[in-house]
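Welcome, and take a moment to look at the fold before reading on.

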Amino acid sequence: MQAKAIGLTQGLPVSDPQSLQDVTIEIDQPRGRDILVEVLATSVNPIDTKQRQVQPHVERPRILGFDAVAKVLAVGEAVTTIMTDDLVYYAGAVDRPGSNAQYQLVDERLVACAPKKWTAAQSAGLPLTTLTAWEALFEKLPFIAAANANLGHSVLIINGAGGVGSMAIQLAKWAGLQVITTTGKPATTEWVKQLGADVVLDYHQDLAAQLTAAGLTTVDHVILLHSTDRYLPLVTPLVRPLGTIVAVVTNQQPLPMALLKPKSLNFAWEFMFTKANYRLPSMATQGIILARVAQLADAGVIVPTTKRVLAGINAANLRSAHEIVETGQMLGKVVLTAPFNA
């Protein structure tokens, strides 16, 4: 079957009209554990812009998009957890055509039913950031994924107002953690406080001095959601001995790992596509995580992080969304909603 989509054939600046183009693609019927969905809303993440920027020239357009809410149209013969007509949400896989298409094939193990009490635009802002935040907190760090299960422990989240930070703060507070985060503007400071942050540090100022002023000497663990190169040396003195630093942003220079040795600090990368890219048995945990988060959303434990919605999924709107994300100043998430009106 044919589907409208937005694709790219080479890496170009988002200001170039050819950077993202309206195209038509062919979609196969689902086989095995794949499901066929109709995309109702999709969001844009930093990985979309980075993948676009470095895309080598290809003849067949590549389809990006790693967040979606969609209606299930058909399922493969091995599917057991999803039914036709289900409304689902997911991040998908970076090595398959993404959600910037009218129809998409997705592995059922990466999918869960979307929150019932949220709109498609609200739910579409969740999957990638939620999975990243959850895996960082409860897989890379030794925290327990249960309500108030980590009382007396703390986490420092660098860049709390972005998409991942906005989810990490909420999940950390649900789990009973003391949350310290960084912002740089009054609007972002107010936002993270609304999400539950206990201590907010101004990243323009000395972090250690501000932490001391807040009555803290160290934090248990750290999640870096901005410039690993810059922040690894800055946060290392703030972490208690035997703590862990989790990083999401790829470094540009060799990291000064020797700084971690005196306190025997651990370092871990978080990349939520690893499970799908390597077809690990644990990839099914992503569907399970999204199912648990949908329950939290419907119970009012977490609030939507979608802050801007563009009506209509087409190349012009997608370029605008990429441009917004590329500023690095986006508060929460930006989402595009159907119809596909290229």
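A salt bridge here is a side-chain nitrogen of Lys or Arg within 4 Å of a carboxyl oxygen of Asp or Glu. By this rule the structure has twelve salt bridges. In general terms, side chains of opposite charge can pair when their charged atoms come close.

Before we visit some of them, a word on the source. This is a predicted model, in which local features need pLDDT of at least 70 and side-chain atom pairs count only at pLDDT 80 or more, while totals for chains, interfaces and linings use all residues. Residues are numbered from 1 along each chain as its sequence is written, and side-chain values use heavy atoms, with hydrogens and water left out.

Let us begin with Arg 33 and Glu 108, whose side chains form a salt bridge with an N to O distance of 3.0 Å. Arg 33 sits in the loop between strand 2 (21-26) and strand 3 (34-44), and Glu 108 in the loop between strand 6 (103-107) and strand 7 (111-113), so the pair ties together parts that are 75 residues apart in sequence. Strands (E, at least two residues) and helices (H or I, at least four) are DSSP runs, numbered from the N terminus. How accessible are the two partners? Arg 33 is partly exposed, with a relative accessible area of 33%, whereas Glu 108 is buried at 2%. Buried means under 20% relative accessible area, exposed over 50%, and partly exposed in between (1.4 Å probe, protein chains only).

Next come Arg 96 and Asp 34, which meet in a salt bridge at 2.7 Å, N to O. This pair links distant parts of the chain, 62 residues apart: Arg 96 is in the loop between strand 5 (87-90) and strand 6, and Asp 34 is in strand 3. Arg 96 is partly exposed at 24% relative accessibility, and Asp 34 is buried at 12%.

Glu 135 belongs to helix 3 (residues 127-140) and Lys 275 to helix 8 (residues 274-277), 140 residues apart. Glu 135 is buried, with 1% relative accessible area, and Lys 275 is buried too, with 8%. Together with Glu 139, these residues are linked in a network of salt bridges.

Now to the interior. A nonpolar core is a set of buried Ala, Val, Leu, Ile, Met, Phe, Trp, Tyr and Cys residues joined through side-chain atoms within 4.5 Å. The largest has 82 residues, of which Tyr 89, Tyr 90, Phe 138, Val 155 and Leu 171 touch the most other members. Apart from it lies another core of 21 residues, including Ile 180, Val 239, Ala 247 and Leu 260.
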